[in-house]
Amino acid sequence: MRSSLFYFLFPIILGPVTALGQEQAKDSVTYLDEVILGVTPDISSPLGITPSDVLTENAISTQSPIDFAGTLNQIPGVYFLSGALNTNRITIRGVGARTPFGTDKLRMYYNDIPVTNGTGVSALEAFDLENLNTIRVVKGPKSGSYGAALGGAILLQSDIARQEGTFIQNRSSFGSYGLFKNNLSLNHNGGKVQAEVRYNRMTTQGYRENNAFDRDGLLVNLGLQAGASHKLNLLVNYIDYRAEIPSSLGLSDYLTDPTQAAANWREAKGFEANKYTLVGLSDEIHFSRGFKNTTSIFLSYLDHYEPRPFNILDEFTLGYGARSVFSANLSEDPDKSRVVFGFESYRDEYNWSTFENLYRENDGMGSLQGEQLSRNKEFRNQFYAFAQFHWQVTSRLKVQAGLTLNKTTYDFRDQFREGDENRSGTRDFDPILMPSLDLNYSLGADSRIYLNISRGFSNPSLEESLAPDGVINPDISQEKGINYEIGGTGFLFDSRLQGTVALYQMDIKDLLVAQRVGEDEFIGRNAGQTRHRGMEVSLQYFMRPGNSWNVSPFLSYTLNDHNFVDFQTEDSDFSGNPLTGVPKHRIYGGLQINSEYGWFWNTSYQFVDAIPLTDSTSLYSDAYSLLNTQFGYRTQWGSRLNISLEMGVNNIFDTLYASSVLINATGFGGSEPRYYYPGNGRNYYVGILLLYAL
């Protein structure tokens, strides 16, 4: 019982392994004297041999259970900026760094179901970190089967328990700033039937004023092996949260008291309330040996209410669609030649209204809804068709060629203004073709080198697609780019040292630039070209200095050499300047120690270089370093109960740093421009995890 239950569900943490190449994530890491090795790429998957990085459940568990930023920042080339638990922005190789708020220019999937909305915006905060088994990241537009977005794709996976039996698991976490988090789950695997039901609850007052966060979530994941040819899966994810918004600070307030909220947001008691539901049903059909199809239908609904100092936003979005992927062998040898093809169709209906916020007339009670200012509706349609052909040329050389077609339309309806003042309009973007080519050459012993050439695109967001007067902008076009990448992964010293490296250049034209025209109003235009050059290195070494414990140091390094090639405004020329919002150097490293007797210790260090905050490079944020540590102990009581205890300290030296920044900020009414979102001070958390086998 100890080996089959305890070491399956409480694997020894060997660290944040990222592997170049499509690899099967090892959720059950073998014990002590074994190390994580590369696995042959799975050519039957939609990724095939496309290079990607994967965070296993073990790497996820080395961070605080609420720390998406610390988790994703383990991957070189990925930078997660977090202004608050509900204010996040993910940039991949500099793409998305100029977006004022939120994450766009990448595609996000949850259990292979699209969760990116019709204009390309993804909200990672809609999911509980503890519900995920793996996070896979495709950097750049390499994967046409997942949208060929310039930023790439993030694939979230919540697997049903693979260990046979029925288990109850509960993890409770407590920490600084009034943190309480609980995740209760029931897992069952009866062979043909698999089921996972999770309820999570989290509340915290936050580091800053007006920074409280309160969330409830429910995850249902059901699987059924319906005969020899069908495998059905039902996914339901529901999140209900209310998050206060402290917003950004100017330099003086940031240095004087980083815990304060922006004055107008504090006075308005600004917040956002979200209710998000995702439902997906998929069927994996095996027509014959070597020929299968996986088809999913899905529905999402977001109800969002946000009182802001300048107005109150009330919106809801209904999205639905289907995704179907076929894969087939073209020869008796499945590794010799194979084709994967399919489509993805998504449509959403976005309804939003704004109202006056009369908080100044509300006797200090915060926001008060006044007269209606606008009422709008937009239909967004996205369609992808994709195909890729895989051919094993020799025993060492594999080739993969892909082609993706995208068609996007927007239909905007002004339901508030009438007559000549009505701003309704449509935008029908031209179809865009995105080819890709992958070469993968094996050097033996799980070592290989690869080459990728691919084309990608990004659609303008809703705000970018509108002109200053609210009319659909017929001149705005999609960003387009070409990515060139070479890299590899290798093992030395009896496979104790794992190393990966990637060199790339991505040239983007028709750069979408958000121009600020009000306190929280932006419009978009195509302003020029950028060149994204970079290097990403990841190293990890596995040692066993004693018979009862092992040590694993690791290090990842990111070099971002990103520049404007051609970027001119009406009165300025920024060509040649570094890309705004991107640190040139990033380092993430640490040490993990695990004992055969259940003790473990994980320590991580992160360095983030200075970030240019203005296009003119007249202002930079300060570089900073963070040191985190985590101690824990796992044990088993009897034959059925397993216990894990942990304690962590983040930002050990209480460093003042900006965990997120706003570029090209503008002060209004004589106020100081607000560039900085202060990161948390020194903070603590403790957790206890109980697992009981029924």
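## Side-chain contacts in a predicted model

Ring pairs link F287, F291, F326 and F341 into a cluster. Two rings of Phe, Tyr or Trp (its six-membered ring) form a pair if their centres lie within 6.5 Å; planes under 30 degrees apart count as stacked, over 60 as edge-to-face and the rest as tilted. The model is predicted, with local features needing pLDDT of at least 70 and side-chain atom pairs counting only at pLDDT 80 or more, whereas totals for chains, interfaces and linings use all residues. Residues are numbered from 1 along each chain as its sequence is written, and side-chain values use heavy atoms, with hydrogens and water left out.

Across the whole structure, 26 aromatic pairs are found. In one of them, the ring centres of W265 and F310 are 6.3 Å apart and the planes stand at 80°, so the pair is edge-to-face. W265 belongs to helix α5 (residues 263–268) and F310 to the loop between β15 (291–307) and β16 (312–329), so this contact ties together parts 45 residues apart in sequence. Helices (H or I, at least four residues) and strands (E, at least two) are DSSP runs, numbered from the N terminus. W265 is buried at 6% relative accessibility, while F310 is partly exposed at 25%. Buried here means under 20% relative accessible area, exposed over 50%, and partly exposed in between (1.4 Å probe, protein chains only).

Charged groups also meet rings. The charged end of R242 sits over the ring of F271, 3.8 Å from its centre, and that of R93 sits over the ring of Y504 at 4.0 Å from the centre. The criterion is NZ of Lys or CZ of Arg within 6 Å of the ring centre and within 35 degrees of the ring normal.

### Salt bridges

Side chains of opposite charge can pair when their charged atoms come close. With a salt bridge taken as a side-chain nitrogen of Lys or Arg within 4 Å of a carboxyl oxygen of Asp or Glu, the count comes to 27. Among them are the following.

| Pair | N to O distance |
|---|---|
| E344 and R107 | 2.5 Å |
| E130 and R171 | 3.5 Å |
| R380 and E378 | 3.6 Å |

E344 in strand β17 (residues 337–357) and R107 in strand β4 (residues 107–110) are 237 residues apart, and their pair links distant parts of the chain. E344 is buried at 2% relative accessible area, as is R107 at 5%. Both R380 and E378 are buried.
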